[in-house]
Amino acid sequence: NLMPKKIASGVLVAALALVGCSSAPKPENQVGEVQITRNAQGEAQTAQFSPLPLDCSNPLRCPTLGLAWTAEKPKQALLTVGFTRGQHAPVEMIEFDARPYGPMRVRSLAAEQPQPNQVVFQVPIETLERLALSRGALVRVHSADHVLEESFLTGEKASPAANAVKRWLQQIYKGTDKEQALGLKGIFMDQTYQHDHSYRPDR
């Protein structure tokens, strides 16, 4: 009976040794709603946040947005679109109408679709940078049977999804010129852009 335990312990020690010797990023850190990993130089390697809602008049029928990024593909991200509750027709396209850039359409599906009630799109990170710079943005979620339009952010109010996008970009570009250029440096010291922790997906 002792032999299997000794073998298991040996395997665990070997695995830990391999992890310790590897050049893998440091363990994930949580910054607000964003999960971030960095290398030994402090550069972002991965950044993601789980889907959060837009600013919707009906919270039970509200689109949600989540993002994932890796330094291996720095110019694109994976955008997850879903809903807070209920069954919906499959999402075919999402459109960001952001001032002063105009409509930006996202319809390129990712290769993997892990969740049945969510759709994952490939989106250029430039689109998300424009969202961070916009003075106001609406989101239109296109499905087979309707188009649902909700607020991403206005001059006075930002949705939980908008806050998370800004925080996500801030963590990716932390310490670089882009953090300053996109107006993200120190932005979360301003209470206007604090995340609304009252959101619960099961409401």
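The protein has four helices and 10 strands, and what we are looking at is a predicted model. Going along the sequence, the elements come in the pattern α-β-β-β-β-β-β-β-β-α-β-β-α-α. The chain counts 203 residues, of which 42% are buried. If you take the contacts with a separation of 6 or more, 53% of them are between residues 24 or more positions apart.

Now the sheet. It is open, has six strands in the order β1-β2-β3-β4-β5-β8, and the pairing is antiparallel. Which strands stand at the edges? Those are β1, residues 29-31, and β8, residues 119-124; each has a single partner strand, so one side of each lacks a neighbour in the sheet. On average, neighbouring strands here are turned by 25° against each other, ignoring direction.

On the β8 side, the partner is β5, residues 76-83, and six bridges join these two antiparallel strands.

Helix α2, residues 125-133, lies across β4, β5 and β8. The angle between helix α2 and β8 is about 80°.

Staying with helix α2, one of its residues is E129. Is E129 buried or exposed? Its relative accessible area is 10%, so E129 is buried, the cut-off for buried being under 20%. Leaving out residues up to four places away in sequence, E129 touches L169, Y173, K178 and L182.

Last, the cysteines. How many disulfides are there? The count is one. C56 and C62 form it, and their sulfur atoms are 2.0 Å apart. The torsion about the S-S bond is about 70°, so this disulfide is right-handed. Both ends can be checked for burial against that same cut-off of under 20%. C56 has 15% relative accessibility and therefore counts as buried. C62 is at 1%, so C62 counts as buried too.

Definitions and conventions
Residues numbered from 1 in each chain as written. Predicted model: local features only at pLDDT ≥ 70, side-chain atom pairs only at ≥ 80, totals over all residues. Heavy atoms only, no water. Pairing = 2+ DSSP bridges. Axes fitted to C-alpha atoms, helices over the stretch in contact; angles between N-to-C directions. Contact = heavy atoms within 4.5 Å. Buried < 20%, exposed > 50% of the residue type's maximum accessible area, 1.4 Å probe, protein only. Disulfide = S-S within 2.5 Å.
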